[in-house]
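Here is a friendly briefing to read alongside the model. Please keep the 3D view open as you go.

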Amino acid sequence: MGFSLYPFKDHFHSLTKKLFPWTLYALLPIALLSLYLYPLPFLPSTESELSHSISNTIISHSTPPSFPSTPPPSEKENTFDTPLCDYFNGKWIRDRRGPLYNGTTCGTIKQGQNCIKHGRPDSDYLYWRWKPNECKLPRFEPNTFLEHIENKHVAFVGDSMARNQLESLLCMLSTVSSPDLVYTNGEDNKFRKWRFDSHNASVSVYWSPFLVQGVEKSNGGLNHNKLYLDLVDERWAKDMDHMDLIVFSVGHWFLHPAVYYEGDLVLGCHYCVGLNHTEIGFYEVLRKALRTSLNSVIDRRGSKGGKVDVMVTTFSPAHFEGEWDKVGACSKTRPYRSREKELEGMDGEMRKTEVEEVEDAKVRGGMFGGIRFEALDVTKLALLRPDGHPGAIDTWNEIFLEIMKKWEEHPRIQE
């Protein structure tokens, strides 16, 4: 009887199946150790990957990270579009420090705007601070702001919200440097300019509630506004070549009765009772007016190779309960909680329109390296402050400064 090899072969195959996985487990650490000690040339190093990711992320740390933070020149040009930390979603929290100024320490505040002097019984509205959900919003630093606008002209253009933001800024800056009023014109000083000699800087306000050309309604004349949506308002635009930073802020005047024109054509109207025009509302009208204004900056400054920064402060909701000029119209004494009041309806649509137009302007102006656009998206944080209408505008300027810091860290491509 001959000897058969098949039982031995079966046993060998069985043993191989059992040992093969364990062999792989033993070899894998050896292979990984070899790669670590002798990396292949085509594999990117961990350091370069970290450096790239950091250069494209704004990190809110109290202490700077130890990773390399200076990207190669080719990457630095692309970091301008890095998204800012979301300062616009959060909640109001108590702040014992209060504002940097008050109605008696800031001469820019008109007597008619001094709440305490006119009998407001509470002062709690002064002691709230905006707390973003994802990052820390630093307290306003007047000296830092002045350093950023040294040798520059900052222009606020729009309606009363633009004026209020300007006055808030002046009050905070005047805690470290007194501005000189160097120009005033128009009814109720609607066109004014201040100068900070300490930094060779100017700050001005231009009354232009539509940004485009318009005829405002009046007691002795029209009972509606007339807007020419394809023509920018030259009351501010004629000075554009001398502006380094423009802050647009409009919205509320678009709610009033108006007739809208484009060239010689009547496009329609809003709440034009008795006139034979089509009612078209005001959302698309706001869009057209803002687009005309942003395009005028692109055309007049970008085509000349000029450098200018443009910020659009989004719509600030009203908080009146009943008639705005009656006692009790603003009865709230504390901020809304985060979910107590939602951004919706007209307030949401106005904000959405403005943000969309800013994003479109970024694309249109992208071919010119010297123009930057940003939305100062304050609608939600303003909505939550019925106790402080027009509401904690100091916070707007705190975020304004943070955007300016971002611009400083990530210069224009042509710089």
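Helices (H or I, at least four residues) and strands (E, at least two) are taken here as DSSP runs, numbered from the N terminus. By that numbering, Tyr271 sits in the loop between strand 11 (265-270) and helix 7. Please bear in mind that this is a predicted model. The notes below start with confidence and then go through the sheets, the helices and some individual residues.

**Confidence**

- The average pLDDT of the chain is 81, and 74% of the residues score at least 70.
- Residues 1-13 have a pLDDT below 50, and this stretch makes zero contacts in the model beyond near neighbours in sequence.
- Over residues 32-82 the pLDDT also stays under 50. For this stretch the model has 35 contacts beyond four places in sequence.
- Where pLDDT is low, the predicted coordinates should not be read in detail.

- Seven strands make up an open sheet with mixed pairing, in the order 4-5-6-3-9-12-13.
- Strand 4 (180-185) and strand 13 (371-376) are the edge strands; each has a single partner strand, so one side of each has no neighbour in the sheet.
- On average, neighbouring strands of this sheet are turned by 15 degrees against each other, direction ignored.
- Strand 3 (residues 153-158) and strand 6 (residues 201-207) run parallel and are joined by six bridges. His153 has Ser202 in strand 6 as its bridge partner.
- Helix 10 (residues 393-409) lies across strand 3, strand 9 (245-249), strand 12 (308-313) and strand 13. The helix runs at about 150 degrees to strand 13.

- Strand 8 (residues 225-232) pairs with strand 10 (residues 258-262) in the parallel sense, over four bridges. Leu227 is opposite Tyr260 in strand 10.

**Helix 5**

- Asp159 caps the N-terminal end of helix 5, with a side-chain oxygen 3.0 Å from the backbone nitrogen of Met161.

**Two buried helix residues**

- Ser293 belongs to helix 7 (residues 283-302). Its relative accessibility is 0%, so Ser293 counts as buried.
- A polar atom of the Ser293 side chain lies 2.9 Å from the backbone oxygen of Ala289.
- Not counting residues up to four places away in sequence, Ser293 touches Leu211, Val212, Val232 and Trp236.
- Trp407 is in helix 10, and it is buried, with a relative accessible area of 3%.
- The C-alpha atoms of Trp407 and Arg372 are 8.8 Å apart, although the two residues are 35 apart in sequence.

**Loop residues**

- Asp241 is in the loop between helix 6 (234-237) and strand 9, and counts as partly exposed at 45% relative accessibility.
- Leaving aside neighbours within four places in sequence, Asp241 contacts Arg300, Arg301 and Lys304. The side chains of Asp241 and Lys304 are joined by a polar contact of 3.5 Å.
- Asp241 and Val308 are 67 residues apart in sequence, with their C-alpha atoms 9.0 Å apart in space.
- Most residues other than glycine have a negative phi.
- Asn151 has a positive phi, near 65 degrees. Asn151 is placed in the loop between helix 4 (142-148) and strand 3, and is exposed, with a relative accessible area of 54%.
- Tyr271 also has a positive phi, near 50 degrees. With a relative accessible area of 55%, Tyr271 is exposed.

Methods. Residues are numbered from 1 along each chain as its sequence is written. This is a predicted model: local features need pLDDT of at least 70, side-chain atom pairs count only at pLDDT 80 or more; totals for chains, interfaces and linings use all residues. Side-chain values use heavy atoms; hydrogens and water are left out. Two strands pair if DSSP finds at least two bridges between them. Axes are lines fitted to C-alpha atoms, for helices over the stretch in contact, and angles run from 0 to 180 degrees between N-to-C directions. Contact means heavy atoms within 4.5 Å. Buried means under 20% relative accessible area, exposed over 50%, partly exposed in between (1.4 Å probe, protein chains only). A polar contact is a pair of N or O atoms within 3.5 Å; within protein, one must be able to donate a hydrogen and the other to accept it, and residues adjacent in sequence count only if both atoms are side-chain atoms. pLDDT is the predictor's confidence in each residue, from 0 to 100.
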